[in-house]
Amino acid sequence: MGASRSSGTTDEIGPDEDPGGGPPGRSAAPGPPAGGDGLPGAPAGSELLAALLDGMDAALCAFDAAGTVTHWNREAERILGWSAEEAVGRRGFAGWAVRRADADEVRTRLMSAMDAPGRQVHEFALLRKDGGRVLVRTQSAGVRGADGRPAGVYCAFSEVHAQIDLERAIALSEALLEDASWGVVLVDVDLRPTVVNAYAARALGGSRARLLGRPLGELVVQGVEELEAALHHVLAEGAPSAPAEQWVTLRTAEGERRRCWRSGFLRLASPLAEEPVPLGVGWLFRDVTAAKSAEQEADRLRFRAGQLHRAARTASECEDPMEAATSLLDFALAGFADHVLVDLVAGERLVRTAATPFDAPGPCLPVSGGAIPARYAPGHPALQAVERTGTVRTSGAAGAADPAAWALERRWPRDAAHALCAVLRSRGRTLGVLTFLRAVNRAAFERTDTAYAETVAARVAGAVDLAQATAEG
C-alpha cells in the first residue's frame with residue numbers, strides 16, 4: 001500500500017472510514033492527542049505509515065472500493081512524475097496516468113484483485129506527467145475492511161526493465177551457484193566458504209555441505225597463504241584488475257593433488273547500507289592444470305632443444321672428444337639437474353671419469369689424477385642401468401629417515417635426492433653410464449625427463465667412443 005502525503009485525505013482505505021480509525025459510521029473513541037501508542041513524542045500512526053511507505057523502494061498506490069486513489073508514495077511519483085497531491089483523490093488512472101482508450105481495461109484488471117484471492121500480476125503502459133509512456137509490472141491485491149468485506153485494492157508497481165534487470169541478476173546468481181562451468185565460492189570476512197557451487201566442490205575434493213564453514217587451510221595443503229593473502233587484499237583494497245594463476249596442493253581422499261587455478265575475485269558489499277559494508281569475497285576460478293602443464297612442457301622442450309643445439313655447436317669446436325663430452329653435459333645440466341657423473345666401463349667395473357663438484361655448483365670436469373673406480377654396491381642404480389641397457393630412475397629422500405645418508409650410501413653428493421641413470425651406448429657397445437642428480441628441493445625425474453637424458457647420453461656416448469678410438473689409435 002502507498003501513503004497519502006499531506007493531501008488532506010484520509011490515510012485509511014475505504015470511503016466510510018473516519019480519521020480516528022473506528023469502524024464505519026462510528027465516531028472515534030477519545031485517545032491520546034499525539035502518537036498512536038500514547039508515548040510522549042511518538043509519531044501518529046498515519047504519519048508513521050506515510051513515512052514507511054514513502055521510504056520504500058517499490059512504487060505503491062491504493063484505491064478504495066470505488067476506484068479512487070487513496071495512497072501514492074514517493075517512488076510512484078519518481079516513476080510517473082505525478083505528486084501525491086496531484087494523484088490522491090482522482091478516480092482511477094483515466095486521462096492522466098493511462099490513455100483513455102486503455103483506461104477501462106486497466107481499471108477492470110486492477111479492481112478485479114479486490115474479489116480475487118492472493119496477488120495478481122499485470123503489465124500496463126502508464127503515462128508519465130511529461131507525456132511519455134512507461135511499461136510497468138504491477139502486483140495488486142485486495143484490502144478488506146474491519147467487517148471483512150472488500151474495501152479496496154493496493155497496487156505495487158515498478159518499471160519492467162528494472163524488474164527484468166532484477167530477475168536477470170537473481171537468475172545469474174542462481175546459475176553461477178548451481179551449474180556454472182567454473183568454480184564459484186562465496187567467502188565470508190573470516191575467509192570461510194559460505195556458498196560453494198558444484199564445480200568448486202569437485203575441484204576442492206568434497207561435498208558442498210562438508211566444505212561450508214571450514215578454514216581453507218584444511219582443504220589446501222600448499223598455496224593457502226597466497227590464496228588467503230589475495231582474499232584479504234580484495235576485502236581491504238577491492239578486486240584486482242586481472243585474473244591470477246595460483247598453484248596449490250589439495251588434500252583429498254585419494255591423496256595430495258597439485259592443481260593450477262586461474263582465479264578472479266569480487267568484493268561483496270551490502271546494497272542496503274549507506275556506506276559499503278563488506279560481506280565477503282566472491283571467488284571465481286577454473287582449473288587450468290592441464291593447459292598450464294602443456295604450456296610448461298612446451299616451454300621446457302623449446303628450452304632443451306635450444307640447449308642441445310648450442311651444445312652441439314660448442315662440441316663441434318672442441319679438438320679433444322672428452323672435452324666435447326663435458327661441454328655437452330654443461331649445457332644439458334641447465335635447468336635439468338644439479339649434478340652429473342660420468343662412469344665408464346673398465347673391464348668388470350665402472351670408473352669415475354668426469355663429474356661436477358660434489359660440494360658446490362660447477363662445470364663437469366675430468367676427474368683430477370685420472371679415472372678412479374666407482375665403489376658401487378650390488379644393486380646400485382648405475383649398475384642396474386648397465387645390466388638392463390636402459391634408463392633407471394630412483395628417489396630416496398621422501399622415504400629415508402636421513403636423506404644425506406641415503407645419498408652417501410650410493411656414493412653421490414649428500415644433497416642428492418633424485419637420480420636418473422642413462423646408459424652410454426655407441427656402435428652396439430655399452431661404454432658406461434651417465435647419472436643425473438637433483439637436490440631434495442626439486443621434483444623427481446619424470447618420463448619426459450628420461451627422453452631428454454637419453455638424447456644427451458647418445459651424444460655423450462658418441463664423443464666418448466671417439467675419444468677411446470683416438471686413444472687406441
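Ser-426 is buried, with a relative accessible area of 12%. Buried means under 20% relative accessible area, exposed means over 50%, and partly exposed lies in between (1.4 Å probe, protein chains only). This is a predicted model, where local features need pLDDT of at least 70, side-chain atom pairs count only at pLDDT 80 or more, and totals for chains, interfaces and linings use all residues. Residues are numbered from 1 along each chain as its sequence is written, and side-chain values use heavy atoms, with hydrogens and water left out.

Ser-426 belongs to strand β17 (residues 416–426). Helices (H or I, at least four residues) and strands (E, at least two) are DSSP runs, numbered from the N terminus. Leaving aside residues up to four places away in sequence, Ser-426 touches Leu-431, Ala-461, Gly-462 and Asp-465. A contact means heavy atoms within 4.5 Å.

Now take Leu-52. It sits in helix α1 (residues 45–54). Leu-52 is exposed, at 54% relative accessible area. Asn-73 is 21 residues from Leu-52 in sequence, and their C-alpha atoms are 9.5 Å apart in space.

Next, the whole protein. It has 13 helices and 18 strands. Of its 473 residues, 41% count as buried. Among contacts with a separation of 6 or more, 51% join residues 24 or more positions apart. The protein exposes about 25,200 Å², and carbon and sulfur atoms supply 54% of that. These areas come from the Shrake-Rupley method with a 1.4 Å probe; for residues, only the protein chains shown count as cover.

Two helices deserve a look. The axes of α9 (residues 289–315) and α13 (residues 447–472) come within 12 Å and cross at roughly 5 degrees. So α9 is roughly parallel to α13. Angles under 35 degrees count as roughly parallel. Axes are lines fitted to C-alpha atoms, for helices over the stretch in contact, and angles run from 0 to 180 degrees between N-to-C directions. From α9, the contact includes Glu-297, Arg-304 and Leu-308. From α13, it includes Asp-449, Tyr-452 and Arg-459.

Last come the cysteines. A disulfide is a pair of cysteine sulfur atoms within 2.5 Å. By this rule the count is zero. Cys-61 is buried, at 0% relative accessibility. Cys-260 is buried, with a relative accessible area of 0%.

Notes
Parallel < 35°, antiparallel > 145°, perpendicular 65-115°, else oblique.
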